Amino acid sequence: VYRYKVLMKIIILGSVLFTKKVVDFLIKKNIAIDGVIGKKNSTFNSDFIDLVRLYKNKFDTFYTQNINDKRTYKWLKNKRPDLIICLGWSHIIEPKVLKIPKYGIIGYHPSDLPRNKGRHPIIWPLVLGLKETASTFFLMNSEIDSGEIISKKKVQIRSKDFAFDLYKKLYQTASKQLLSLIKDFQKGKIKKLKKSNVKENYWKKRSFKDGMIDWRMDAESIFNLTRALGKPYGGAHFYFNNKMIKVWRTKIIHSKFDNIEPGKIIKLANLKPVIKCGKNSLKLINFSPKIRFKKDNYL
């Protein structure tokens, strides 16, 4: 158990919709926030949000593209924060910055740490068809998604959950966890969880080809891919007549057509194509651009 003073200066670091949802929750709960650091733009995050623009009339705000540069370091040193909360910042924080806040930087990772460290922790559980994940806060150190875990909550994944369904569950869970953590800090104590003996692993950075639909896959695997890459992410995709089609919603159709090749449209249901897969079939519920497919087309 660590003991701290009650009065605290809190800085939020983040650049995505997830960050905004948690900050808005903390505002409603009357948690005092001393400053927000954000980005002007991002080529990496499809759920990017300009937090500085949103909160410039509420808090002291600061733009940076590099949390470790001299300008940002100076701003943070001058703020003299007791605690920095990092939510949705996809860059490594160097030791010199980690040392600035009196009580450290709280990191967040939506996975069951120490398992499933690394990239795209909301996407991969859905691609893999996992039944649960976790919402985890930890005291950051110089290693990726490491440090002493101070809060972890399991989050169930339903078979029909799409990306934003899980995204919402996680930010709602994380908001409540963080509120509780801040109150614990303010009371002068914080507990760390016992170290787990499970074997850790790192998820890889997703590439464009990882979102490519191969109709030889079974319908369940393609369904998992499409739900993992739904909004707020970039969508799964395939090509038809040299045009890329983004797929946002699908439905598994349990049917047996042993003599039909994968990728063939076996019927149209209310203008929605039903495509033969390696096993069973898949109905495209929502896709873009809107194309009038025909029965017996091959994708």
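1. The model is predicted: local features need pLDDT of at least 70, side-chain atom pairs count only at pLDDT 80 or more, and totals for chains, interfaces and linings use all residues. Residues are numbered from 1 along each chain as its sequence is written, and side-chain values use heavy atoms, with hydrogens and water left out.

2. How many aromatic pairs does a search of the whole structure find? There are 14. Rings of Phe, Tyr and Trp (its six-membered ring) pair if their centres lie within 6.5 Å; planes under 30 degrees apart are stacked, over 60 edge-to-face, and the rest tilted.

3. Take Phe18 and Tyr167. Their ring centres are 5.7 Å apart and their planes stand at 75°, so this pair is edge-to-face. Phe18 sits in helix α1 and Tyr167 in helix α6 (residues 163–187), so the pair ties together parts 149 residues apart in sequence. Helices are DSSP runs (H or I, at least four residues), strands likewise (E, at least two), numbered from the N terminus.

4. Phe18 also pairs with Tyr171. The centres are 6.3 Å apart and the planes are at 90°, so this pair is edge-to-face. Again helices α1 and α6 are linked, here across 153 residues. Both Phe18 and Tyr171 are buried (under 20% relative accessible area; exposed is over 50%, partly exposed in between, with a 1.4 Å probe and protein chains only).

5. Ring pairs join Phe18, Tyr167 and Tyr171 into a cluster that also includes Phe137 and Tyr233.

6. Lys29 lies in the loop between α1 (17–28) and β2 (35–38). Its relative accessibility is 44%, so Lys29 counts as partly exposed.
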